[in-house]
Amino acid sequence: MRSVRRGGLLTTVGVLACACVLATAGNAAAKDPGGSQFDIEGNNDKDGGQSLESRIVFTGATGGSEGEASGGFTPTTDWSPPACWYEPKWTPDQFADEFRKRWDIPHASGVGEAYQLSQDHYINGKPYEDFNKKEAGKGLWWDSVRDEKRAEAGDPAAFACDTKTFWVENGEPPNVENAVTPEVLAQLAYARIKVPDTAVTLAPANATKVNLPTWAWLDKAKFDEVSVTASLDVGGVHIQANTTAKPISLKLEPGTPDAETYPASGECTINDDGSIGEPYATGKADQDPPCGIKYLRSSGDGTFELQATVTWEVAWTGSGGAGGALPDGAFGSQQAVTVHEIQAVNR
């Protein structure tokens with residue numbers, strides 16, 4: 001196992017996926033076969049080369065930033081997509097080249113025992129011989145990858161995939177947690193969904209009055225379903241999954257307890273045509289809005305921060321007819337609302 005300390009957080013990283021060129025490495029102590037496994041103290045530039053680049057391709061509603069996690073679409077439960085996972089990486093010849101490159105660490109000391117253990121593990125038949133070159137075309141070497149943003153944020157889950165590089169025969173599912181499957185692809189796609197901003201249209205638009213119902217709505221054109229497809233095509237592994245999010249409700253939080261919402265729960269459900277709420281129209285001044293707010297006091301010289309959050313229902317389909325539901329997601333934003341007192345004129 002390998003310990004890397006950065007920013008005061010001590011995390012454990014294993015496997016050859018974590019055995020990269022470390023020109024600044026100091027004293028090292030051999031740990032376990034399978035990759036460069038030694039203790040390092042210090043800071044490394046941008047992950048220090050510690051995580052492998054994923055070969056998963058994401059397309060669809062990713063906001064134009066392929067592979068970048070969404071900044072605001074989050075599960076409504078304590079579930080979260082995998083922060084690390086395993087995927088096929090190399091043929092035997094490719095792994096042999098990668099192994100040699102990653103053990104090219106002339107400035108690190110004390111790695112001789114670890115190097116010998118890794119040679120025994122992958123070259124000398126304990127248990128693999130010569131990187132499994134005799135099995136070329138029959139399988140691939142798999143290794144761990146982690147979500148870069150969650151790793152940079154210090155999420156311990158990003159460092160949990162510490163199984164050393166392993167061989168998988170074509171068509172055989174790996175017996176490790178978070179090995180890539182259509183469902184894991186669907187979960188990774190979930191983390192990359194970008195949804196529209198949730199700024200609602202209000203009437204009155206610029207400022208409202210105390211005790212005056214304010215109508216709120218979202219246009220169907222802006223709040224249609226969105227989806228992200230994750231696909232992996234490496235050697236004998238060809239799988240994909242499509243994750244789709246569909247808006248189902250809008251929750252309004254007025255930003256002050258001195259307010260009432262329509263409906264009273266503040267949850268505005270989606271209409272049959274896909275819109276949420278109803279636009280205000282002339283002649284509806286005496287009606288309560290199906291979705292809206294009534295402020296009971298003035299905002300004074302400031303504003304109230306209206307929080308509008310859309311809940312999205314998420315489902316997925318994948319290779320081989322797989323599919324199912326994923327936890328609902330939510331995305332919200334705040335907008336300033338000015339509330340004036342109704343001025344009375346005495347004659």
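The model is predicted. The protein chain contains 4 helices and 19 strands, and 47% of its 347 residues are buried. Among contacts with a separation of 6 or more, 75% are between residues 24 or more positions apart.

- In soluble globular proteins, nonpolar side chains tend to be buried together.
- Here the largest nonpolar core comprises 69 residues. Strand β18 (residues 304-318) gives the most to this core, contributing 7 residues.
- I56, W142, L250, L252 and W312 are the residues with the most contacts inside the core.
- Setting aside residues up to four places away in sequence, L252 touches A216, T261, G266, C268, C291, G292, I293, L306, Q307 and A308. Two of these residues, C268 and C291, are joined by a disulfide.

**Disulfides**

- The structure has 2 disulfides. Counting bonded cysteines along the chain, the pattern is 1-2, 3-4.
- C84 is bonded to C161, with the sulfur atoms 2.0 Å apart. This link connects distant parts of the chain, 77 residues apart: C84 is in strand β6 (residues 84-90), and C161 is in the loop between α3 (148-152) and β8 (166-169).
- The link of C84 and C161 is right-handed, with 85° about the S-S bond.
- C84 has a relative accessibility of 3% and therefore counts as buried. C161 is also buried, at 8%.
- C268 is bonded to C291, with an S to S distance of 2.1 Å. Because C268 lies in strand β15 (residues 267-269) and C291 in the loop between β16 (276-277) and β17 (292-295), the pair ties together parts that are 23 residues apart in sequence.
- The link of C268 and C291 is right-handed, with 85° about the S-S bond.
- C268 is buried, with a relative accessible area of 3%, and C291 is buried, with a value of 1%.

- Q335 is part of strand β19 (residues 323-340). Its relative accessible area is 15%, so Q335 falls under the 20% limit for a buried residue.
- A polar atom of the Q335 side chain lies 2.9 Å from the backbone nitrogen of V200.
- Beyond its neighbours within four places in sequence, Q335 is in contact with T198, A199, V200, L202, F304, E305 and L306. One of these, L306, is also touched by L252.

**Helices α2 and α4**

- Helix α4 (residues 182-190) is mostly covered, with 8 of its 9 residues buried. The buried residues of α4 are P182, V184, L185, A186, Q187, L188, A189 and Y190.
- In helix α2 (residues 112-122), the buried residues include A114, S118, Q119, D120, H121 and Y122.
- The buried residues of α2 pack against α1 (92-102) and β7 (139-146).

**Loop between α2 and β7**

- P127 is located in the loop between α2 and β7. The peptide bond joining K126 and P127 is cis, with omega about 15°.
- D130 belongs to the loop between α2 and β7. D130 is not a glycine but has a positive phi, near 45°.
- N132 is found in the loop between α2 and β7. N132 is likewise not a glycine, and its phi is positive at about 65°.
- D130 is partly exposed, because its relative accessibility of 37% lies between the 20% and 50% limits. N132 has a relative accessibility of 12% and so counts as buried.

**Loop between β9 and β10**

- P204 lies in the loop between β9 (201-203) and β10 (207-209).
- The peptide bond from A203 to P204 is cis, and its omega is near 5°.

How values were computed. Residues numbered from 1 in each chain as written. Predicted model: local features only at pLDDT ≥ 70, side-chain atom pairs only at ≥ 80, totals over all residues. Heavy atoms only, no water. Disulfide = S-S within 2.5 Å. Helix = DSSP H or I, 4+ residues; strand = E, 2+ residues; numbered from the N terminus. Buried < 20%, exposed > 50% of the residue type's maximum accessible area, 1.4 Å probe, protein only. Polar contact = N/O pair within 3.5 Å; in protein donor to acceptor, adjacent residues only side chain to side chain. Contact = heavy atoms within 4.5 Å. Core = buried A, V, L, I, M, F, W, Y, C linked by side-chain atoms within 4.5 Å.
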